[in-house]
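Hi there,

Here is the structure I promised to pass on. My notes follow just below it.

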Amino acid sequence: MAKTGKSVLLDCDPGIDDAVAILLGLASPEISFVGITTVAGNVDLGCTTENALRVAALGGGLDIPVYPGCPKAILGAPPPAAHVHGNDGLGGVRLEPGGMAQAEHGVQALLRIPGEVEDLSLVAIGPLTNLAVMLTQEPEVAGRIGRTVIMGGGIDGGNVTPAAEFNIHFDPEAARAVFESRLRPVLVPLDLTRKAAVYEDWIDRLRAVGTPVARSASGMMDFYLEAVRHRGLGMIIHDATALAVEIWPELFDVRPARIQIVTDHGPERGRTRVDFDSSEPNGSVAVDLDAPTFTARLFERLALL
Ligand code: BDR
Ligand code: CA
């Protein structure tokens with residue numbers, strides 16, 4: 001049966017938590033992916049595109065068009081995050097091949113689709129290179145996008161440097177262009193996603209469901225958990241948390257804010273500055289969520305796929 005629900009265009013760099021986000025989206029009747037664009041980030045563009053195709057096929061979304069976008073950050077890419085996601089971006093979990101990538105460039109798709117789909121939501125869960133190039137080519141596209149949600153940044157510091165979070169640090173110039181545009185995005189920062197980590201027991205329960213999706217997702221999450229164990233962190237499902245803002249908005253507390261990105265080449269590079277008292281907000285920030293309900297619902301959705 002064709003899916004209905006809110007139309008979502010997903011820009012991503014799978015990536016283990018990106019993969020969980022794709023699976024959550026495919027399992028959720030509240031939204032429907034109209035396309036997936038890929039970008040270099042956690043791994044290179046060839047790999048993020050192949051991973052998006054395979055994860056979509058795993059979740060029953062073989063028909064969702066995947067458009068490869070930008071292969072590097074605007075000023076050239078810093079190292080990817082292979083230590084957290086594995087050299088293949090999916091923690092060494094082998095998935096069956098999916099469909100073919102589209103010939104159309106991701107940025108072209110990002111410019112075209114908002115003119116064709118009413119009330120489109122754009123959810124960006126990787127570095128913001130594709131969005132920045134889209135806005136540079138045609139700033140007016142911002143007016144055709146209903147809502148933009150971005151996973152990135154950290155109010156209380158970063159995860160790649162003390163100042164910066166991965167998606168913003170990978171391409172700060174792009175992030176700055178996006179926050180200075182008319183998109184007025186909802187930012188889902190580390191401070192929020194860290195509240196919704198899952199641990200071994202949750203992952204083991206998922207594995208016990210025994211379906212291909214449950215086995216693959218739990219295998220990827222094992223890798224991630226192991227990679228961050230020395231930092232005392234759980235499996236932080238950053239990107240699925242950001243997508244959940246579109247699926248279950250009632251679980252989130254979102255506040256208007258002025259968001260600025262530091263692009264200096266010093267230790268502050270990539271920092272996200274957030275001012276909740278500004279009289280000129282350029283977006284909003286998800287500051288709290290009902291984490292137990294979110295992780296319970298995520299489990300149910302993944303288990304049923
Ligand atoms: C973000 O960085 C990436 O490694 C994850 O996929 C997520 O989008 C978290 O900082
Ligand atoms: Ca990501």
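**Helix H4 and its neighbours**

The buried residues of H4 pack against E1, strand E2 (31-38), strand E3 (66-68), E4 and H5. Those buried residues of helix H4 (residues 106-116) are Gly-106, Val-107, Ala-109, Leu-110, Leu-111, Ile-113 and Pro-114. Buried means under 20% relative accessible area, exposed over 50% and partly exposed in between, with a 1.4 Å probe and protein chains only. Helices (H or I, at least four residues) and strands (E, at least two) are DSSP runs numbered from the N terminus.

Before you read on: this is a predicted model, where local features need pLDDT of at least 70 and side-chain atom pairs count only at pLDDT 80 or more, while totals for chains, interfaces and linings use all residues. Residues are numbered from 1 along each chain as its sequence is written, chains are lettered from A and ligands numbered from 1 in the order in which they are written, and side-chain values use heavy atoms, leaving out hydrogens and water.

**The calcium site**

Asp-13 (OD), Asp-18 (OD), Asp-18 (OD), Ile-125 (O) and Asp-239 (OD) coordinate the calcium ion (ligand 2) at 2.3 to 2.6 Å. Asp-13 sits in the loop between strand E1 (6-12) and helix H1 (16-26), and Ile-125 in the loop between strand E4 (121-124) and helix H5 (129-137), so the pair ties together parts that are 112 residues apart in sequence. Donors are N, O and S atoms within 2.8 Å of the metal (3.2 Å for Na, K and Ca); water is not among the atoms, so sites may look incomplete. Asp-13 counts as buried, at 0% relative accessibility.

Best wishes

Conventions
Contact = heavy atoms within 4.5 Å.
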